[in-house]
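Biologist: I'm new to this one. Could you walk me through how to read its features, step by step?

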Amino acid sequence: MLDVAGLRVSFGAIEAVHGVSLRVRHGETHCLVGESGCGKSVTALAIMGLLARGARRRAERIGFDGTDLLALSDRGMGRLRGSRIGMIFQEPMTSLNPAYTVSSQLTEVYRRHRGGTRAAATERAAALLGRVGISAPGLRLGQFPHQLSGGLRQRVMIAMALMCDPDLLIADEPTTALDVTVQAGILRLLAALQAEMGLALLLITHDLGVVARVAHQVSVMYAGEVVESAPVAALFARPTHPYTQGLLASVPVPGKLRRGQPLDPIPGSVPRIPPDFVGCGFRERCRFAMPACAVAVPLRERAPGHSYLCQLTP
Amino acid sequence: MRRFILRRAILGVLVCMTVLVISFGLTRVAGDPALAVAGPQATAADVAAIRRAYGLDRPLPEQFFTWVGAVARGDLGRSYLFREPVANLIRARLPITLTLGLVGLGFALLIALPLGIVAALHEGTPTDRLVMLVALLGQAMPSFWLALLLIIGLGLRLQWLPISGIDDWTGYLLPGLVLAFSAIPALMRLTRSGMIDALGSDYIRTARAKGLSRASIVLKHAARNAAMPVVAIAAVQLGFMLGGSIVIESVFSLPGLGFLAWESISKNDFPVVQAVVLLLAVIYIALTLFADLLNAALDPRLRTG
Ligand SMILES: Nc1ncnc2c1ncn2[C@@H]1O[C@H](COP(=O)(O)OP(=O)(O)OP(=O)(O)O)[C@@H](O)[C@H]1O
Ligand SMILES: [Mg+2]
């Protein structure tokens, strides 16, 4: 469904995404995890072609269902955005336009891509609001964003992304900005919608508990690179990259954390790397670092679908 | 919202009272109105008679309260220059000035909004800098000089537009254009900065993620949010234009309120001067209140909050 290879995004002298490759298959939930600042949002925006001005995007390949997104004009990309690829952002409080009603913001995307009457679009909007678990959709349609709580706004954003029945949904940390009490509800909703609608879901998160519950495939990002990618069971059972091992050890995963085992946070923080950086981005913080880590790192395959970027062999 | 309007109304009344005092005071320090009314050939007895007739022999506070009382009853007094009730003069002249102001504002918006939007869309590029430079030049140019340039260029050389009087609507075009110029820089700058803010916001990223057309993103989603401060300043600018029409109306010989004010100031026709100043202040206050209401209509957070 989505096939990204060698994606690089730089902001002047900083390369935020440094050769990311990932694949999201039809009807699969692919989780992208990593610490704050490792380039998850930038990766998502680069795929959508929504990077801020001043960002430079290069890639070997960004393919979506047989279409080469790199070759598309902005207009051509616009035909996919909102219709075949939906996106939900990290900031529900500011992602809706304060000047327009929920109804207006939901129907406009539908009418843009699917046409039809206003009444038909409104009917669809009401149905989707119901589907994302909003009671009294009729009332909510007439309201403005400031009249809704953060959780409701994010549900509206989800409904908006689903208005045109997309094939792929990119959700960038959809719950990070929300109250803990509503986070679980939103995630359950996303997982349910993914299964019901057969969506391919690229879910960005740094919550490994979420990953354990909803992911099929997991990609772990560090300093602008995917350092390990594996089916969820394999990743939790046989984490191979030292960073993944540290990550799994540092976060209490429900059902995975052995009692009495001390949390083992990785010392240090994510480095900002220049475009000409070579070698392993994690070497400064790595317990197993060796001289070879300063030159190109091989991509190794441990099992089908389980690859990692490291000098070490398991 | 209701409390907000009430507060603004009280403030407006306070400002009006201040203006009453000032306009009364200014006409009295400008010289003895009785001398001006009587004319150069008048005898001392004539002047004294006129003083009595206009109540100028009374103590100043008494004169003031008599005038305020009359204004409160809707009586603006009589002009001695035109020998007519001031209200009639204003009724005849005000529409001309209002038309001129609206034409000026129309021109200003027509020029400033697109330029501001273009500058914002090209923020930091040479296009942006060029547009802002034009705005700066516009601001630096005195309006009477611009008026002369336009009269010579569009009026005399090209003969496209009438340069004086208002035989038909085209008479408003040149003065309107000149009037617009003073308002353009502020409007443009505000449009630009508002659009830059809006274009960088998360909801614009959402609009782009929805695959909306560029026109819809810029004109519907960004402009609507950038409009609020522009509306407020536009109302203020209209107020300035109405006040500034004194210069423009005399340059282009438009018989409006500004021209009337100019005539009556030069002849010290104090009932007219007082009334015009008061009227301009009231219009100004009404305009700012109107801008606040318009903003509330544009911003659902104000309307429903
Ligand atoms: N517009 C921009 N200009 C300059 N640098 C940027 C810009 N956007 C992102 N970056 C940089 O790119 C890097 C990656 O940012 P990104 O937002 O992708 O992180 P993230 O993984 O999404 O983190 P979080 O979990 O906090 O959302 C950061 O170092 C950030 O400073
Ligand atoms: Mg992010």
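Predicted model: local features only at pLDDT ≥ 70, side-chain atom pairs only at ≥ 80, totals over all residues.

Biologist: Okay, then which residue is the bridge partner of A:Val9 in β2(A)?

Modeller: That's A:Val17. The two strands involved, β1 (residues 2-11) and β2 (residues 14-24) of chain A, are antiparallel and share 8 bridges. They make a hairpin with 2 residues between the strands, and A:Gly12 in the turn has a positive phi of about 60°.

Biologist: How should I read a whole sheet?

Modeller: Strands of a sheet pair through backbone hydrogen bonds, either parallel or antiparallel. Here, chain A has an open sheet of 8 strands with mixed pairing, in the order β7-β8-β9-β3-β10-β11-β13-β12.

Biologist: Which strands stand at the edges of it?

Modeller: β7 and β12 (299-303) of chain A do. Each has a single partner strand, so one side of each is left without a neighbour in the sheet. On average, neighbouring strands are turned by 20° against each other, direction ignored.

Biologist: Can you show me one pair from inside that order?

Modeller: Take β10 (residues 217-222) and β11 (residues 225-231) of chain A, which run antiparallel and are joined by 6 bridges. In that pair, A:Met221 stands opposite A:Val226 of β11(A). A helix packs on the sheet too: α6(A) touches β7 and β8 (168-172) of chain A, and its direction makes about 170° with that of β7(A).

Biologist: And at what angle do α6(A) and α7(A) cross?

Modeller: The axes of α6 (residues 150-162) and α7 (residues 180-197) of chain A come within 10 Å and cross at roughly 15°, which makes the two helices roughly parallel. The crossing is right-handed. Residues making the contact include A:Ile158 and A:Leu162 of α6(A), along with A:Leu189 and A:Leu193 of α7(A). By class, the contact has 8 nonpolar, 3 polar and 1 charged residues.

Biologist: What about chain B: is B:Thr206 buried or exposed?

Modeller: The cut-off for buried is under 20% relative accessible area. B:Thr206 has 3%, so it is buried. Beyond its neighbours within four places in sequence, B:Thr206 is in contact with A:Phe89, A:Ser95, A:Met157 and A:Met160.

Key. Residues numbered from 1 in each chain as written. Chains lettered and ligands numbered in written order. Heavy atoms only, no water. Axes fitted to C-alpha atoms, helices over the stretch in contact; angles between N-to-C directions. Helix = DSSP H or I, 4+ residues; strand = E, 2+ residues; numbered from the N terminus. Parallel < 35°, antiparallel > 145°, perpendicular 65-115°, else oblique. Left-handed = near helix turned anticlockwise from the far one by under 90°. Contact = heavy atoms within 4.5 Å. Nonpolar A, V, L, I, M, F, W, Y, C, P; charged D, E, K, R; others polar. Pairing = 2+ DSSP bridges. Buried < 20%, exposed > 50% of the residue type's maximum accessible area, 1.4 Å probe, protein only.
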